[in-house]
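Please open the model in your viewer and keep the selection panel at hand. The tour visits two places in turn.

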Amino acid sequence: MNDSIPSAPPLAVSCTDLFIGFLKVGMSGFGGVMPFARRMLVEERRWLSEREFTEVLSLSQFLPGPNIINVSVIVGSRFAGPVGSLAASLGLMLMPFLIVLVLAALYARFDALAAVRGATASVSSAATGLIVAMGLRMAQPLMGTGWQVAIAALGFVALALLRLPLLWALLAIAPVSVACAWWTRK
Amino acid sequence: MIPQVLLELAQQFGLLSFLAIGGVNALIPDIHRRVVDMEHWMTDAQFSQAFAISQASPGPNMLIVSVIGWNVYGFVGALVATLAICLPSSVLTYGVAHVWNRFRDAPLRSAIQRGLAPVTVGLILASGYVLVRATDSTWVAYALTGATTLLALTTRIQPLWFLLAAGALGALGVA
């Protein structure tokens, strides 16, 4: 089954372990839980070495989909095949899914209150700032390279200003960008 | 008979699952385009509230999809939207993880990864722009977004504190 990510694991990790391990990860952070996944996998339970985690993470980021879900799928499959993937990703999503729906229901119940509406609007403004900051932080390492700046700018204009469908924008921009990366490879 | 709107939810988010390079934060412009502009499932204000609710929950940052599904068709809608955004990419990931060793060190793989990085940055900045447009309408709101951006870039304060502080200011009617 596992000729996958680096070497065959000597550990026996059951589906229950996977479910519980990722259940805790799912509840431990706000606006992304990847650092907590690393801590659980590498430091606490030692299911992966630091190098293996980096490998899993880079594959998860390389493939489409929510990155943390991809991590749970890969780690789950590594230890317990398809059922392991299911156990890990269900564990990860179960509580956040229920909690966010409880919040949504509470909001729907109390949105007539000015305080609730005000709090929600302000949380949205602050969370928007966090997304902008994330984009700017990710942009910093690209700044030295002309084609990378141009591609990022193109992506921004296509999606934010022209409001193009993501599918068409990606089909147009991604091949050009990968070609630039290929030509400038070391 | 499965309601038409559930099939549409599954179809819209199922496609987005394959387009989510750089995670769900990069999808926000296209989610907004589909959900607010095309399907009219939500207004700008509702979209902004869904974003706030998803950010105020612990867990992965793809929960906005669950809240949108909930708005469209209750619990079942939330379930369908969440499965649709997770399942297609998960199946792909499961398949690829097993053949990964063969092309782990291929130069094309690293070119793809390096090529997609700036695309992701452009998309996330676009997400920020779309959220500002959907969320901020008063100068206090703009100031709150600006201050959070600045502090998040220059300090190591945990993101949750920004949300708590903003929520408190908002509840008191200050911001």
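Helices here are DSSP runs of H or I with at least four residues, numbered from the N terminus. This is a predicted model, in which local features need pLDDT of at least 70 and side-chain atom pairs count only at pLDDT 80 or more, while totals for chains, interfaces and linings use all residues. Residues are numbered from 1 along each chain as its sequence is written, chains are lettered from A in the order in which they are written, and side-chain values use heavy atoms, without hydrogens and water.

A pocket is an open set of points, on a 1 Å grid over the protein atoms alone, where a 1.4 Å probe fits, with protein on both sides within 12 Å along at least five of seven lines; its lining residues have an atom within 4 Å of a point. A volume is the space filled by probe spheres set on the points, which are joined across faces, edges and corners.

Begin with the largest pocket, whose volume is about 1600 Å³. Select A:Gly31, A:Met34, A:Pro35, A:Met134 and B:Asn61, the closest to its centre among 49 lining residues. Then select α6 (107-135) of chain B, which gives the most to this lining, with seven residues.

α4 of chain A and α4 (63-97) of chain B each supply at least two lining residues, and α4(A) gives the most, with 11.
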